[in-house]
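Please keep the sequence and the model in view while reading.

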Amino acid sequence: MVAYKTKVAERIHLPSRDRRERALAEAGYNVFNLDAEDVFVDLLTDSGTGAMSDAQWAAVMRGDESYAGSRSFDELESAVRDVMGFSRVVPTHQGRGAENVLYGTLLSEGDVALNNTHFDTTRAHVANQGADPVDCPVEGAHDLATDEPFKGNFSLERARSVVDEVGAERVPLVISTITNNSTAGQPVSVENTRRVRDFADEIDATFVIDACRFAENAGFVRRREDEFTDADIDEIAREQLGYADAIVMSGKKDGLANAGGFVATDDEALFERCKQRAILYEGFPTYGGMSGRDVAALAVGLREAVEEAYVADRIDGVRAFADLLEDAGVPIYTPPGGHAVYLDAGAALPHLDSDEFPGQALVCELYREGGVRGVELGSFAFPDTDRPELVRLAVPRRTYHTEHFEHVAETAATVIEKRESVAGLEITSEPENRELRHFTADLEPV
Ligand code: F0G
């Protein structure tokens with residue numbers, strides 16, 4: 001059931017085919033280099049790109065810009081307590097700021113961090129502390145077609161084998177990312193979360209939940225985990241998050257805001273340590289790199305994110321987009337996740353080898369054909385790993401309508417019809433740090 005109507009309209013344009021061709025070449029066949037004005041339907045990310053509600057915009061006007069003791073911070077603190085169940089909040093400019101504050105506090109050189117799957121900024125922050133990020137996805141997480149309900153889960157089996165290998169004393173941190181962005185946005189069950197809590201206790205580690213998409217995750221839990229069929233979204237969220245010692249949050253996702261993030265915990269000692277680090281890197285602890293109006297909008301957004309109608313609209317909307325693509329014959333990762341549909345570029349362009357970057361070729365064709373921007377998450381973004389060739393079409397919250405998604409599905413179907421003419425790509429320049437090359441590298445058709 002649709003839960004919103006439009007109050008503010010933003011004009012968008014589909015540039016001519018000729019302009020799209022030129023824009024793509026000028027961008028070095030890397031859509032991060034495109035001007036956003038040249039993009040018609042922008043599915044690059046669901047981060048900070050959503051539409052705020054009228055209540056959030058009203059909060060923006062009331063934002064308290066005081067350097068210390070801002071009333072807007074009190075509103076954020078009470079929203080985090082009511083919605084997520086934590087009493088202590090350290091605000092940050094966005095999610096990766098929260099990662100720096102928390103992981104910088106918890107990790108030292110030579111440590112190992114376990115995560116169901118590290119998102120790229122998480123991996124980079126763990127590595128930045130001299131620690132080793134190790135992924136523990138469940139078996140079948142990279143299987144594109146199994147209809148399992150919780151492919152995002154954390155594998156205890158894998159985690160135990162890492163601990164056996166390196167010793168528990170080297171593993172001070174266990175993270176569960178809900179939903180699991182780097183595993184096609186798949187959800188994590190509450191039962192799995194309980195078991196991760198027990199495991200963290202066994203090895204005496206701190207258990208952190210990356211809660212960026214906690215509300216979408218709670219929506220899946222209600223639909224797929226029998227114990228929670230009758231529970232409210234916010235009850236599920238508090239139950240699941242409550243197993244963690246601390247959470248990191250990007251307000252740009254399920255905070256329904258354009259900026260912001262935070263660390264939250266009930267642990268007073270951890271709170272104090274995080275607060276001190278946040279003063280160094282983020283700002284005074286009642287604004288943390290956000291303006292007061294951003295804090296105020298985030299406080300309202302967090303409450304809206306657990307409204308039943310919002311979550312149903314969100315999950316059903318992404319599902320409907322996936323159905324449009326499947327009906328048009330476009331191969332996708334199933335079941336679809338909470339914030340995006342992931343295309344199976346390997347199946348879409350089977351004539352291209354992984355060293356010709358089929359995912360990036362598909363990203364370029366979607367832009368060339370229909371002005372659609374997605375992101376490659378395959379051998380271009382993850383060099384030297386054995387991942388499926390995926391393209392993520394992320395869905396900004398409360399932003400696009402059915403007609404936009406129909407346009408994307410038609411565009412993708414047209415690309416697949418002409419697949420024989422789609423050329424592979426080669427990299428012409430890349431940064432020294434290959435791990436983040438997909439943001440800035442240039443390519444050209446081979
Ligand atoms: N953790 C997860 C699971 C994320 O998906 C992101 C961001 C972050 C942390 C960092 O948050 O962007 O506010 O600093 N994901 C965005 C994406 C960028 O497109 O998936 P941030």
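Where is Thr179 found? Thr179 is located in the loop between strand E5 (173–177) and H7, where helices (H or I, at least four residues) and strands (E, at least two) are DSSP runs numbered from the N terminus. A cis peptide bond, with omega about -20°, joins Ile178 and Thr179. Before going further, note that residues are numbered from 1 along each chain as its sequence is written. The model is predicted: local features need pLDDT of at least 70, side-chain atom pairs count only at pLDDT 80 or more, and totals for chains, interfaces and linings use all residues.

Pro335 belongs to the loop between H12 and strand E9 (340–344).

The ligand is surrounded by 15 residues, the closest being Thr45, Gln94, Gly95, Arg96 and Ser250; a residue counts as near a molecule or strand if its C-beta atom, placed from the backbone, lies within 6 Å of it. Helix H4 (95–106) and helix H5 (120–128) each contribute at least two residues to this shell. By class, the shell holds two nonpolar, 10 polar and three charged residues. In this scheme Ala, Val, Leu, Ile, Met, Phe, Trp, Tyr, Cys and Pro are nonpolar, Asp, Glu, Lys and Arg are charged, and the others, Gly among them, are polar.

The packing of helices comes next. Two packed helices are described by the angle between their axes and the distance between the axes. Helix H2 (residues 54–62) and helix H11 (residues 292–305) pack at about 150°, with their axes 7 Å apart; axes are lines fitted to C-alpha atoms, for helices over the stretch in contact, and angles run from 0 to 180 degrees between N-to-C directions. H2 and H11 are therefore roughly antiparallel, given that angles under 35 degrees count as roughly parallel, over 145 as roughly antiparallel, 65 to 115 as roughly perpendicular and the rest as oblique. In H2, the residues Ala55, Gln56, Ala59, Val60 and Arg62 meet Arg293, Ala296, Ala297, Ala299, Val300 and Gly301 of H11, two residues being in contact if their C-beta atoms, placed from the backbone, lie within 7 Å. The contact of H2 with H11 comprises seven nonpolar, two polar and two charged residues.

Helix H9 (residues 233–241) is mostly covered, with seven of its nine residues buried. A residue is buried if 20 or more other C-beta atoms lie within 10 Å of its own, exposed if 12 or fewer, and partly exposed in between, with C-beta atoms placed from the backbone. The buried residues of H9 are Ile233, Asp234, Ile236, Ala237, Arg238, Gln240 and Leu241. Their packing partners include helix H3 (71–84), helix H7 (190–202) and helix H8 (214–224). H8 and H9 pack at an angle of about 105°, with their axes 9 Å apart. That angle makes H8 roughly perpendicular to H9.

Finally, two residues other than glycine have a positive phi. Asp204, with phi near 60°, lies in the loop between H7 and E6. Asp204 counts as exposed because 10 C-beta neighbours lie inside 10 Å. Arg398 has a positive phi of about 60° and sits in the loop between strand E12 (390–394) and H15. Arg398 is partly exposed, with 18 other C-beta atoms within 10 Å.
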